[in-house]
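Please consult the sequence and the structure shown here.

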Amino acid sequence: MTSTNSTTRRNKRVGGALAAALCALALTACGTEGAGGQVTAGAAMAAKPTAGPTPTEARPDPMDDPALTLEDQQAAVAFMALVTEVAAPCEEDAEDLPTVPSSLPPQRPVPGPDEPGAPPRPVVSEVPVPVEDLPAPADTAWNFDRVRQEVELGEVEKCAALRHGSRIAKALDGSGDPTAAHVEEALGEIGYNLPYRLHGPVEADGKVEFTLDLRGGELCLDGTYDGTRTTFDPYGVQPAVYCTDVKRRG
């Protein structure tokens, strides 16, 4: 079982992603000038990710787009600030959990090499010992089927998923109008308005389905709104693919 401390460290990448976004805001160019001096936004920021042919390399990070405008960068930083804020109480709770004490009894100090009771010095053989050849390195080539596998969420991100779900349900539940436009507007009003972080919403069988990319770690969240209540399904996704690429377990 993974310890609480290691789980917390793994999930604190949310804060690291926010710091990276802040660095990008400070260091990257504020857009690219096109014809007539117009500043154009990057295509990755302007368009929502859609399913396409099997990728032959990792999906690009929209924050790496050199054509980002200042407004695009500010929106990305605001979104990561929201992700960090929602997850913060979960990280604090994880840090407050008691650590599991060791079951080993206290050990007596080992005497030094020249002290009474010290163990005998080891005899070093001068005969060379054959060394076996190291195994060949694991295949590191891009493999879409491998990187699209669902990954296990840590306790912090499971907690954060519940908090995101609660915020969204508060905005949507009982508001009626199960249309894509209504859901997108409601999500935008509470901060989930970054195009490449929101897949959908789409209408299907009288319901509205959407997927939110909440990754500072691995968290993605599927949501369904039926005009009365919202249901959620959180899952973990590696950074090299879209949330909608993932191959779910079971």
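Which residues touch the most other members of the largest nonpolar core? They are I168, Y192, F210 and L214, in a core of 31 residues. This is a predicted model, in which local features need pLDDT of at least 70 and side-chain atom pairs count only at pLDDT 80 or more, while totals for chains, interfaces and linings use all residues. Residues are numbered from 1 along each chain as its sequence is written, and side-chain values use heavy atoms, with hydrogens and water left out.

**Nonpolar cores**
- A nonpolar core is a set of buried (under 20% relative accessible area, 1.4 Å probe, protein chains only) Ala, Val, Leu, Ile, Met, Phe, Trp, Tyr and Cys residues joined through side-chain atoms within 4.5 Å.
- A second, separate core comprises 8 residues, among them V147, Y235, C243 and V246.

**Salt bridges**
- The structure holds 9 salt bridges, each defined as a side-chain nitrogen of Lys or Arg within 4 Å of a carboxyl oxygen of Asp or Glu.
- E152 pairs with R249, with the closest N and O atoms 3.1 Å apart.
- E152 lies in the loop between α5 (144-147) and α6, and R249 in the segment after β6 (230-236), so the pair ties together parts 97 residues apart in sequence.
- R215 and D213 form a salt bridge at 2.8 Å between the closest N and O atoms, and both residues are buried.
- R248 and D222 meet in a salt bridge at 3.9 Å, N to O.
- Salt bridges that share partners join E150, D222, D233 and R248 into one network.

Methods. Buried < 20%, exposed > 50% of the residue type's maximum accessible area, 1.4 Å probe, protein only. Helix = DSSP H or I, 4+ residues; strand = E, 2+ residues; numbered from the N terminus.
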